[in-house]
Amino acid sequence: MHDLHFKDPLTEQRLFRNRMLVALAGVAVLLGVLVARLYNLQVVNYDDYRTQSDENRIQVRPVAPTRGLIYDRNGTLLADNRPSYTLAIVHERIRDMDATLELLGQLVRLEDSDVQKFRKRLQRRRPFEPIPLRFRLSEDEIARISVNEFRLPGVSVEAELVRYYPLADLFAHSVGYVGRISERDLARFSEEDVRRYSGTQSIGKVGLERSYEDLLLGEVGYENVETNARGRVLRVLERHDPEPGRELTLHLDARLQKVATEALGEHRGAVVAIDVNTGGVLAFVSKPSFDPNLFVTGISFNDYRALSDSLDVPLFNRALQGQYPPGSTLKPMMGLGGLADGVITAETTIKDPGFYRLPNDTRRYRDWKRWGHGNKVDLIQALTESCDVYFYDMAHKWNIDRMHDIASRFGLGAKTGIDLPVERPGLFPSRAWKRGARGLPWFPGDSLNAVLGQGFVLATPLQLAVMTATMANRGTHYKPQVVMAVDGVEEPPEILHHVEARPEHWKLVFEGMESVVNSVHGTGKKAGAGLDFRVAGKSGTAQIVGIAQGERYDSEALKERHRDHALFVAFAPVDDPQIAVSVLVENGEGGGAVAAPVARELFFDWMSRPMENTVRAAEADGEGGNRG
């Protein structure tokens with residue numbers, strides 16, 4: 001018979017109670033942990049977590065300042081800001097960047113270069129900063145992105161102002177252009193620069209845009225914005241407005257610039273015009289030029305290669321960086337120096353058989369006119385007909401270091417100090433220079449070449465214009481200046497020094513320069529054709545390739561780019577100089593035939609203006625031979 005087992009109610013009750021107590025204790029512990037955690041979140045670390053929450057919801061975004069505008073002397077807008085729409089991405093809002101880029105590529109046109117530049121920008125971004133992917137979206141592209149907004153968290157279309165140059169290539173080499181901030185730019189940035197350029201994608205690269213970057217940039221502003229989970233801005237909580245960049249007014253004249261550009265025609269070359277009484281640069285042309293708008297938001301590979309591979313080198317600033325043999329354009333300056341140093345006088349004459357020989361030297365230094373200029377050539381005739389032998393003889397009697405000194409006083413062989421970047425200094429040699437640079441002594445033949453602006457001598461078209469302006473105002477040497485005023489406040493002219501010479505010496509040289517243009521035998525007659533005022537000038541022709549002794553210059557036998565450069569310098573009117581001009585025509589051959597007519601067009605346009613052009617100037621007062 002089996003034993004019967006009966007449940008003990010008391011035992012079961014006790015077991016149940018114990019289990020309940022354990023469960024309640026577990027719940028109590030869990031509640032305690034939860035309360036402690038809540039206390040930690042809400043009390044102990046409240047400030048930290050609130051800050052982190054706000055950073056996820058509230059962002060501080062930089063507000064780019066409006067870049068300062070640039071005007072010519074008459075108020076013509078040369079550099080403007082225009083609205084543009086940019087496709088931008090906030091990296092922190094993107095889960096799969098590759099997938100997002102692929103989808104965007106289906107909606108808008110994306111080049112490989114766009115994506116590559118975008119990925120580079122990602123490496124230098126600030127947290128939650130929108131990074132541009134594509135600039136200048138069309139209306140259709142904006143619409144397609146808007147329709148697909150729900151599929152594109154972290155993607156936005158940003159409106160911004162971008163630089164625009166209304167006159168395109170006309171002022172590319174003076175006003176310059178802005179471009180996107182590069183890795184090289186960033187490497188030079190200080191901490192302050194990083195702050196100032198936050199929210200800004202562009203920086204001045206060339207020309208005035210570069211040299212006046214600090215004034216044109218302005219001061220960045222900031223705003224606190226509230227965003228949703230997708231990064232869309234819901235509202236602006238606080239805003240500190242940026243300070244716009246400062247406005248520049250230039251001495252440059254858009255109409256005169258156009259006249260100079262058109263006068264050069266299809267030639268390569270440069271033209272610089274200067275206000276004699278202030279040093280203000282009225283025209284600054286380097287041709288061929290280019291459209292600076294191509295660079296503003298990043299130039300395409302094909303466009304850049306077309307510019308950089310061109311034989312005509314449109315990106316090269318001939319007026320500022322082109323260093324050319326100035327040829328006979330130096331003869332008036334050299335004549336003045338010879339007079340001042342007593343090497344020649346007004347009565348000095350020479351016999352010109354068409355060549356010159358140094359003592360104990362069989363070599364013939366040719367005159368451009370093979371049969372010579374006569375038996376009694378004085379300084380006036382030497383300038384008028386560009387007689388090389390006269391200046392050969394003067395150079396032989398002169399000291400090269402004294403020649404170097406007068407050239408330096410007129411601004412040759414050194415940078416002019418113009419307010420444009422990357423100016424080149426040219427070269428006027430001396431004994432010390434040749435010994436240091438070439439390890440050779442100075443030879444008498446070197447002086448004969450130097451006095452004609454050949455041999456080692458190099459000058460920029462800008463330097464020749466400054467030289468001519470200094471001649472025009474009888475020795476007052478102004479620093480050339482492009483910017484006339486900042487925010488309407490005029491920059492005063494700066495006189496660097498004064499070239500001393502006796503009044504009769506200035507008068508004699510002026511008479512010779514005037515005869516160049518107005519005499520029947522003058523080499524620059526085309527500079528004054530049809531004008532009702534008198535012009536003083538000097539033509540020049542500079543050799544590119546050497547010609548063996550006894551041979552003649554044969555244009556047809558030379559390639560076009562090996563032919564002589566044509567030059568002309570002049571000022572007008574003679575009795576009250578207002579404007580000085582230098583013209584260089586690459587491979588143009590005849591200074592008087594090709595370059596002089598360009599100068600004539602500038603004189604005609606400027607002097608036919610109403611009298612206000614002269615009012616401002618008045619207020620500011622208070623081997624081989626060269627063919628002319």
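Is L567 buried or exposed? The views below start from that residue and move to other parts of what is a predicted model.

View 1. L567 is placed in strand 22, which covers residues 565-572. With a relative accessibility of 1%, L567 counts as buried, because buried means under 20% relative accessible area. G540 is 27 residues away from L567 in sequence, yet the C-alpha atoms of L567 and G540 are 4.8 Å apart in space.

**View 2. The largest cavity and the residues that line it.** The volume of the largest cavity is about 50 Å³. Its lining consists of L78, Y165, P166, L167, A168, F171, A172, V175, G176 and P292. Rolling a probe the size of a water molecule over the atoms shows where empty space is left.

View 3. A168, which is one of the residues lining the largest cavity, is located in the loop between strand 5 (155-164) and strand 6 (177-180). The phi of A168 is positive, about 50°, although A168 is not a glycine. Most residues other than glycine have a negative phi, and most peptide bonds are trans. A168 has a relative accessibility of 23% and therefore counts as partly exposed.

View 4. V313 belongs to the loop between helix 11 and helix 12 (318-321), and its phi is near 50°, a positive value in a residue other than glycine. The relative accessible area of V313 is 39%, so V313 is partly exposed.

View 5. The bond from K287 to P288 is cis, with omega near 5°, and P288 sits in the loop between strand 12 (281-287) and helix 11 (301-308). The bond from A572 to P573 is also cis, with omega near -15°, and P573 sits in the loop between strand 22 and strand 23.

**View 6. The salt bridge between D487 and R246.** A search of the whole structure gives 30 salt bridges, and one is formed by D487 and R246, whose closest N and O atoms are 3.3 Å apart. This pair links distant parts of the chain, 241 residues apart: D487 lies in the loop between strand 18 (483-486) and strand 19 (489-490), and R246 lies in the loop between strand 9 (233-240) and strand 10 (248-250). D487 is partly exposed at a relative accessible area of 42%, and R246 also counts as partly exposed, at 37% relative accessibility.

**View 7. The buried salt bridge between R268 and E586.** The side chains of R268 and E586 form a salt bridge with an N to O distance of 3.2 Å. The pair connects distant parts of the chain, 318 residues apart, with R268 in the loop between helix 10 (254-264) and strand 11 (269-275) and E586 in the loop between strand 23 (579-585) and helix 21 (591-607). R268 and E586 are both buried.

View 8. The side chains of E601 and R600 meet in a salt bridge at 3.2 Å, N to O. E601 counts as partly exposed, at 32% relative accessibility, whereas R600 is buried, with a relative accessible area of 16%. A network of salt bridges links E192, R195, R196, D214 and E219. Side chains of opposite charge can pair when their charged atoms come close.

View 9. F16, M20, L21 and L24 make up a nonpolar patch on the surface, and their accessible area together is about 420 Å². L21 belongs to helix 1, which runs over residues 9-44. The relative accessible area of L21 is 51%, so L21 is exposed.

**View 10. Helix 15, a mostly covered helix.** Helix 15 spans residues 388-397, and eight of its ten residues are buried. The buried residues in helix 15 are D388, V389, Y390, F391, Y392, D393, M394 and A395.

Key. Residues are numbered from 1 along each chain as its sequence is written. This is a predicted model: local features need pLDDT of at least 70, side-chain atom pairs count only at pLDDT 80 or more; totals for chains, interfaces and linings use all residues. Side-chain values use heavy atoms; hydrogens and water are left out. On a 1 Å grid over the protein atoms alone, a cavity is a set of points where a 1.4 Å probe fits but cannot get out, and a pocket is an open set with protein on both sides within 12 Å along at least five of seven lines; lining residues have an atom within 4 Å of a point. Grid points are joined across faces, edges and corners, and a volume is the space filled by probe spheres set on the points. Helices (H or I, at least four residues) and strands (E, at least two) are DSSP runs, numbered from the N terminus. Buried means under 20% relative accessible area, exposed over 50%, partly exposed in between (1.4 Å probe, protein chains only). Patches are made of residues with over 30% relative accessible area and no salt bridge: like charges are joined within 9 Å, nonpolar side chains (Val, Leu, Ile, Met, Phe, Trp, Tyr) within 5 Å. Accessible areas come from the Shrake-Rupley method with a 1.4 Å probe; for residues, only the protein chains shown count as cover. A salt bridge is a side-chain nitrogen of Lys or Arg within 4 Å of a carboxyl oxygen of Asp or Glu.
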